[in-house]
Amino acid sequence: MIKKLVISSKNVDFLNKINELSGETITLCDQCGTCSGSCPMVSEMDITPSQMMRMVQLGQMEVMDTKAMWICASCFACTVRCPRGLDLAKVAEALRQVKLREAIDHIDIKKIPEDEVRRLPQIALVSSFRKFTG
Amino acid sequence: MRIGVYVCHCGGNISEIVDISKVVSFAEKQPDVVLVKDNPHMCSEVGQKLVIDDIKEHKLDKIVIAACSPQFQGPTFMSTLEKAGLSPYVLEMANIREQCAWPHFDFPEEATKKANNLTNAAIAKVRLDEPLGKKTMPIGRRVLVIGGGIAGIQAALDLGDAGFKVYLVEKEPTIGGKMSKLSRTFPTEDCAACILSPKMADVLANPNITLLTYSEVENIQGYLGNYEITVKKNPTYVDPDKCTCCDDCTEVCPVVVPNEFEEGLTSRKAIYLPSPIAVPHSYVLDEQACLGIFPLACGKCQEVCDPGAINFDVYPEEIKFTVDTIIVATGYDIFDATQKSVYGFGKYANVITALDMERMIVHASEGNPIRPMGKRIAFIQCVGSRDEQVENENCSRICCMYATKLSQLLKRSDPTRDVYVFYTDLRAYGKGFEEYYKRAQRTGVKFIRGRVAELIEDSQTRKLTLRVEDTLTRQIIESEFDLVVLSVGLRPNEGTDRIANLLRLAKSPDGFLQEAHPKFRPVDTLTDGVFLAGTVQGPKDIPDTVAQASAASARATRLMNRGEYDVEPVMAFVHEESCDGCGLCVEQCPTNAISLSSRDANSDKSLSPKVAKINEALCKGCGSCIAYCPKDALDLHCYSNDQLLAQIKAVLADKKNGEVRVLVFADDMTTYRLADNVGVAKMSYSLNSRIIRVPSGSRVTPKLMLQAFAEGADGIFIGECEEKSSPYPHSVSTIKSNISKVTHILKEEGIDEKRLRFVQFVTVMLGGFVNNINSLSDFTIKSGPIPAQKRKRLGENINERLFK
């Protein structure tokens with residue numbers, strides 16, 4: 001199935017937003033793959049770090065549905081090795097921020113059975129509202 | 001004085017906007033003008049003949065042509081004057097086309113008034129023009145080539161064959177450079193040593209080339225046509241005429257050290273043959289490695305030397321000679337891969353550089369492999385290049401191709417090998433390169449697009465696990481290899497830094513030596529008579545190196561062939577009767593052209609014993625020195641203090657009450673041309689601007705700026721080229737220093753310092769020019785003209801205020 005790539009002003013706005021939030025010029029990434037090769041968590045990720053950068057470069061908002069940014073351990077291996085001097089950890093953080101700012105809860109407390117709610121520690125419930133790493 | 005003024009219609013280009021008849025009648029009224037004519041095309045045969053005939057008939061001795069830019073037809077009209085028997089330097093052009101009619105095409109009346117103004121300024125300047133002759137300086141036929149790699153060899157051969165005297169200085173005991181270490185060369189797979197050896201032999205055989213090996217340039221003094229060179233020649237302790245290369249000496253030498261030619265992969269003795277194709281072909285004794293020469297500790301080599309070639313009683317020699325031009329061909333070093341700790345070079349036994357691999361292939365193909373290479377070999381590209389983490393942003397240009405070469409040589413010599421190249425881009429830009437890359441793919445070399453992140457060594461097997469993302473399939477590869485080859489980039493070397501300091505040569509941001517202009521002067525430097533050839537200027541392959549070397553020798557030939565070279569008479573000079581020998585100017589000259597010397601014996605005894613003198617061979621005509629003379633003793637031919645002041649007065653003469661004027665001092669090379677380009681593009685800018693041409697912005701002394709304000713300028717703008725492309729060293733810092741002196745006084749007088757501006761331009765910054773001029777113009781309009789009282793004070797006691 002051929003997926004059509006459309007880059008509209010909406011996509012460009014998304015790229016600009018991530019650029020601004022992260023402070024990095026994401027179009028500088030030349031897709032060399034050093035970041036993915038260095039990442040200790042890449043085997044758990046659905047997309048590789050360089051793929052994440054690519055999707056942001058093209059302004060593809062589907063990247064917000066990926067899990068890679070949440071698997072990121074913030075170890076900074078990618079940042080330290082990037083030959084273009086890009087801080088990928090910041091870009092991942094920017095993406096996480098965008099998701100968190102949507103203020104959409106990951107779980108809906110109204111959908112959990114009442115007796116479970118009563119048994120579960122409150123702290124566990126609250127922390128899981130915005131837990132995307134699972 | 002009999003000035004002739006000619007106003008050109010330029011086929012309508014000028015006459016459609018500027019009222020020529022008004023310019024003619026204005027010029028007729030000016031003192032010393034005896035003849036004014038106009039013509040549709042002054043630069044045509046007809047127009048030029050008109051000028052020549054008039055000069056003869058009316059005995060004109062100075063000419064003003066109000067027409068296009070002097071940058072455009074200046075040389076044409078200069079030769080017109082020469083044909084008529086006049087000095088080409090008694091010509092002034094009023095730029096009423098590019099800098100008047102064209103930018104102000106919407107305002108014909110204003111443009112005509114401005115044209116009158118500019119013509120008046122040209123007349124004012126021409127009154128003080130000196131009938132200077134074209135200057136030439138003598139030059140000989142001697143060249144120094146620094147560096148005996150393929151670039152230096154090619155340049156030396158070209159010049160030697162052309163009959164010039166060449167000194168070729170090489171710091172190693174043999175010429176040949178890095179190319180002599182290579183196995184094969186891409187894309188033809190020629191044997192490097194085989195194609196290089198004949199050229200090396202030719203160097204030795206050429207009677208015009210003096211070859212100094214094991215020698216280093218210690219000092220360079222002087223200038224074009226007179227470079228005084230000091231070379232230190234190190235002793236080899238072996239007479240090359242007697243040495244038969246029998247190898248008896250190495251057998252008895254007790255010292256074993258790493259062999260540099262073999263990249264340390266094998267060893268040599270203290271007495272050794274520098275390379276298999278060494279020229280001069282002789283053994284050499286390495287004093288550092290030897291057990292001792294003074295006093296003699298061993299001496300076994302001399303005992304067994306049958307031809308008696310070894311002599312310990314030799315010393316370093318200092319050789320001095322003079323040359324006219326210099327070619328710098330000091331080559332490169334490979335990137336120090338230990339800086340990339342993720343690849344473990346220097347720690348892991350099976351990680352080597354591409355240069356190591358070259359030597360290994362040479363030995364393997366001769367049947368003497370240095371070490372086993374294994375079956376699985378990986379090449380890692382871009383090591384030390386395109387990498388901000390080691391602070392080398394540049395691409396090293398040849399690594400993609402040399403890896404393509406080494407990988408397929410390895411695969412073809414043993415097809416059971418598994419050879420991989422891990423790349424980010426595959427740059428196969430040259431002739432035959434793409435085809436050669438295809439051949440590698442056909443041979444079965446695997447190219448994987450991914451930059452290797454790290455290597456992990458297995459401590460038992462010493463094999464390396466390589467971690468990389470195949471970016472084309474988005475898979476992470478963790479794979480084991482027997483041998484990993486780092487495709488190291490090219491870096492500037494130590495020798496280059498030394499020579500650059502001796503010659504004051506500029507460096508590009510990537511650390512290599514900078515060419516005078518990247519497109520049009522790729523082998524020149526900004527130092528006259530000094531040229532670059534080969535990798536010293538930047539990474540490149542052998543064909544490009546050879547081309548550059550031949551280019552550099554052609555440029556040197558161009559300067560030397562006529563026995564003399566042309567110089568503009570735009571030179572500093574001293575009003576000796578005003579000079580008090582204080583010497584403040586001497587240290588300020590960026591090219592050390594000024595010195596203090598004793599006056600002539602028959603000078604006025606009331607004058608100082610010492611007087612400043614200008615060395616015209618060194619003077620660049622920037623005018624920086626003038627600002628530092630408290631006695632107004634320093635001046636510049638063709639742009640004298642009196643001339644510039646006369647021009648300033650002339651462009652402000654018709655200023656009415658309440659009007660503002662902005663003076664733009666435009667440096668010849670950039671800002672003046674930029675202003676022309678703006679006119680050609682028919683872009684408009686403020687009508688109250690008046691452009692005055694100067695050789696460099698550093699010519700505009702603080703005194704001139706204050707005089708300009710005093711005469712009626714309400715804003716002053718100085719435009720200069722960027723420092724890195726300037727032929728005038730330190731021009732920008734001189735301008736800034738001049739401006740700060742004036743700003744200080746403006747502040748004291750309560751005048752807004754924003755009336756004085758300085759911008760560095762490039763000739764394509766059309767919008768930038770327009771915006772800057774308009775911005776200053778708008779500012780002066782808003783702020784109004786400088787009050788008459790303050791203006792008067794600026795013109796008073798200028799030297800006292802500046803030099804207190």
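Q: Which residues of helix 14 of chain B does helix 6 of chain B meet?
A: In this predicted model, helix 6 of chain B brings B:I150, B:A151, B:Q154, B:A155, B:D158 and B:L159 to its contact with helix 14 of chain B. The residues of this contact divide into nine nonpolar, six polar and one charged.

Q: Why is helix 6 of chain B described as oblique to helix 14 of chain B?
A: The axes of helix 6 (residues 150–161) and helix 14 (residues 542–560) of chain B come within 8 Å of each other, and their crossing is right-handed. Angles under 35 degrees would count as roughly parallel, whereas 65 to 115 would count as roughly perpendicular. Helix 6 of chain B is therefore oblique to helix 14 of chain B, for the two axes cross at roughly 40°.

Q: What residue classes make up the contact of helix 1 of chain B with helix 5 of chain B?
A: Helix 1 (residues 20–28) and helix 5 (residues 108–127) of chain B have axes that come within 9 Å and cross at roughly 35°, in a right-handed crossing. From helix 1 of chain B, the residues B:K22, B:V23, B:F26 and B:A27 meet B:T112, B:A115, B:N116 and B:T119 of helix 5 of chain B. Sorted by class, the residues of this contact are four nonpolar, three polar and one charged.

Q: Which residues of helix 17 of chain B meet helix 15 of chain B?
A: Helix 15 of chain B passes helix 17 of chain B in a right-handed crossing. The residues of their contact divide into six nonpolar, one polar and two charged. Helix 15 of chain B contributes B:L644, B:L645, B:I648, B:K649 and B:L652, and the residues they meet in helix 17 of chain B are B:L704, B:Q707, B:A708 and B:E711.

Q: Which residue is the bridge partner of B:L144 in strand 18 of chain B?
A: Strand 6 (residues 142–146) and strand 18 (residues 325–328) of chain B pair in the parallel sense over four bridges. In strand 18 of chain B, the partner of B:L144 is B:I326.

Q: Which residue in strand 26 of chain B stands opposite B:T465?
A: Chain B also holds an open sheet of three strands in the order 24-25-26, with antiparallel pairing; its edge strands are strand 24 (454–457) and strand 26 (475–481), and its twist averages 25° from one strand to the next. Strand 25 (residues 464–470) of chain B pairs with strand 26 of chain B in the antiparallel sense over seven bridges. Within strand 26 of chain B, the residue opposite B:T465 is B:E480.

Q: How many helices does chain A have?
A: The C-alpha trace of chain A spans about 55 × 35 × 35 Å along its principal axes. Read along the sequence, the chain follows the pattern α-α-α-α-α-α-α-α. Its secondary structure has zero strands, and the number of helices is eight.

Q: Which element of chain A gives the most residues to the side that touches chain B?
A: The contact takes 17 residues from chain A and 17 residues from chain B. By class, the side of chain A has three nonpolar, eleven polar and three charged residues. The elements of chain A that give two or more residues to that side are helix 2 (34–38) and helix 3 (49–57). The one that gives the most, with four residues, is helix 2 of chain A.

Q: What ipTM does the model score?
A: For chain B, the mean pLDDT is 94, and 100% of its residues reach 70 or more. For the model, the pTM is 0.77 and the ipTM is 0.91.

Terms used:
Residues are numbered from 1 along each chain as its sequence is written. Chains are lettered from A and ligands numbered from 1 in the order in which they are written. This is a predicted model: local features need pLDDT of at least 70, side-chain atom pairs count only at pLDDT 80 or more; totals for chains, interfaces and linings use all residues. A crossing is left-handed if the near helix is turned anticlockwise from the far one by less than a right angle, and right-handed if clockwise. Two residues are in contact if their C-beta atoms, placed from the backbone, lie within 7 Å. Ala, Val, Leu, Ile, Met, Phe, Trp, Tyr, Cys and Pro count as nonpolar, Asp, Glu, Lys and Arg as charged, and the others, Gly among them, as polar. Two strands pair if DSSP finds at least two bridges between them. Axes are lines fitted to C-alpha atoms, for helices over the stretch in contact, and angles run from 0 to 180 degrees between N-to-C directions. pLDDT is the predictor's confidence in each residue, from 0 to 100. Angles under 35 degrees count as roughly parallel, over 145 as roughly antiparallel, 65 to 115 as roughly perpendicular and the rest as oblique.
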